[in-house]
Amino acid sequence: HLKDRGFEVTDLGTDSTDSVDYPIYGKRCAEYVASHQADLGVVCCGTGIGIGIAANKVKGIRAACCSDEFSAHATRLHNDANILCMGARVVEVSKAIKLVDLFLEFLLCLLIEFLLLFLRHSLYFLFHFLLSLFHFLLEAFHLLLKILHVVSRLDVSVLQRAHHVLK
């Protein structure tokens, strides 16, 4: 599924359906992600909890156990999780594929959230700027009216004398 979608996939085991010591694989994946050989990881055990605990022992790893769509999205958005943990006894294969997709599509979601935030703030600042400009123009117009009112009350002879004195 992931290769078909263009993702580079590295399978770190296991290679059978036999019972294994899953913490070995949780640690292996975590070290692989922590060393920047991969951006993200996906690990599974019976519930997803045990392998997540093993992965989280590696510095720089934020492994999150998810069994629903909201958690798979939210753990990337709010917790910056870099490893998705799932339980094979808890999550059906079709649902696991959806969870992995949500977990991996986080960057697109983050970009959309950023753009929406940028637009909201841009509109807010534009509105504030226009409101300030309107207020400034209103004050300037008010001042101009005061000046016109004062000038209209002056006697023409006073203006002529003031002009003559200034020469």
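Guide: In what follows, Ala, Val, Leu, Ile, Met, Phe, Trp, Tyr, Cys and Pro count as nonpolar, Asp, Glu, Lys and Arg as charged, and the others, Gly among them, as polar. By those classes, the lining of the largest pocket holds 27 nonpolar, 9 polar and 9 charged residues. The model is predicted, with local features needing pLDDT of at least 70 and side-chain atom pairs pLDDT 80 or more, while totals for chains, interfaces and linings use all residues. Residues are numbered from 1 along each chain as its sequence is written, and side-chain values use heavy atoms, leaving out hydrogens and water.

A pocket here is an open set of points on a 1 Å grid over the protein atoms alone, where a 1.4 Å probe fits and protein lies on both sides within 12 Å along at least five of seven lines; its lining residues have an atom within 4 Å of a point. The largest pocket takes in about 1500 Å³ of space, and among the 45 residues that line it, Thr10, Gly41, Val42, Val43 and Cys44 lie nearest its centre.

Helices (DSSP runs of H or I, at least four residues) and strands (E, at least two) are numbered from the N terminus. At least two lining residues come from each of helix H1 (22-34), strand S1 (41-45), strand S3 (83-87), helix H4 (93-104) and helix H5 (106-153).

In the segment before H1 we find Thr14, which is joined to Gly13 by a cis peptide bond with omega of about 0°.

Methods. Grid points are joined across faces, edges and corners, and a volume is the space filled by probe spheres set on the points.
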